[in-house]
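I begin with a loop and then move on to the core and a hairpin.

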Amino acid sequence: MCLGIPGRVMAIPDGYHGQIALVDVSGEQRKVNIGLLDEDPARPGDWVIIHMGFAVEKTDEAGAAAALDGLRLLQHGDQL
């Protein structure tokens, strides 16, 4: 299992052979490689899980919220 951060695809800019997307991650836009999602390509509005700058899977809004909750739990785990 890898640690992934959820983000929402905002745009697929021209160029980059469709391999790069602008993804909103907690209010900041980042360039993310979406090339690993060839069988089910990401489109604007899709949610993805990002690891090391690569979108490793698509998810839905509920899955993104669950991933974010997990990250918050890890952040505060020393307080449990």
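1. Tyrosine 16 lies in the loop between strand 1 (5-11) and strand 2 (20-25), where helices (H or I, at least four residues) and strands (E, at least two) are DSSP runs numbered from the N terminus. This is a predicted model, in which local features need pLDDT of at least 70 and side-chain atom pairs count only at pLDDT 80 or more, while totals for chains, interfaces and linings use all residues. Residues are numbered from 1 along each chain as its sequence is written, and side-chain values use heavy atoms, with hydrogens and water left out.

2. The phi of tyrosine 16 is near 60°, a positive value in a residue other than glycine. With 44% relative accessibility, tyrosine 16 counts as partly exposed, given that buried means under 20% relative accessible area, exposed over 50% and partly exposed in between (1.4 Å probe, protein chains only).

3. Serine 26, in the loop between strand 2 and strand 3 (28-33), also is not a glycine and has a positive phi of about 55°. Serine 26 is exposed, its relative accessible area being 64%. From serine 26 to glycine 63 the C-alpha to C-alpha distance is 15 Å, and the two are 37 residues apart in sequence.

4. The largest nonpolar core has 11 residues, including Val9, Val32, Leu37 and Ile50; such a core is a set of buried Ala, Val, Leu, Ile, Met, Phe, Trp, Tyr and Cys residues joined through side-chain atoms within 4.5 Å. Strand 2 and strand 4 (47-51) each supply at least two residues of this core, and strand 2 gives the most, with three residues.

5. Once neighbours within four places in sequence are left aside, leucine 37 is in contact with Ala42, Val48, Ala55, Val56, Glu57 and Lys58, contact meaning heavy atoms within 4.5 Å.

6. Strand 4 and strand 5 (residues 54-59) run antiparallel and are joined by five bridges; two strands pair if DSSP finds at least two bridges between them. They form a hairpin with two residues between them, and methionine 52 in the turn has a positive phi of about 55°. Histidine 51 stands opposite phenylalanine 54 in strand 5.
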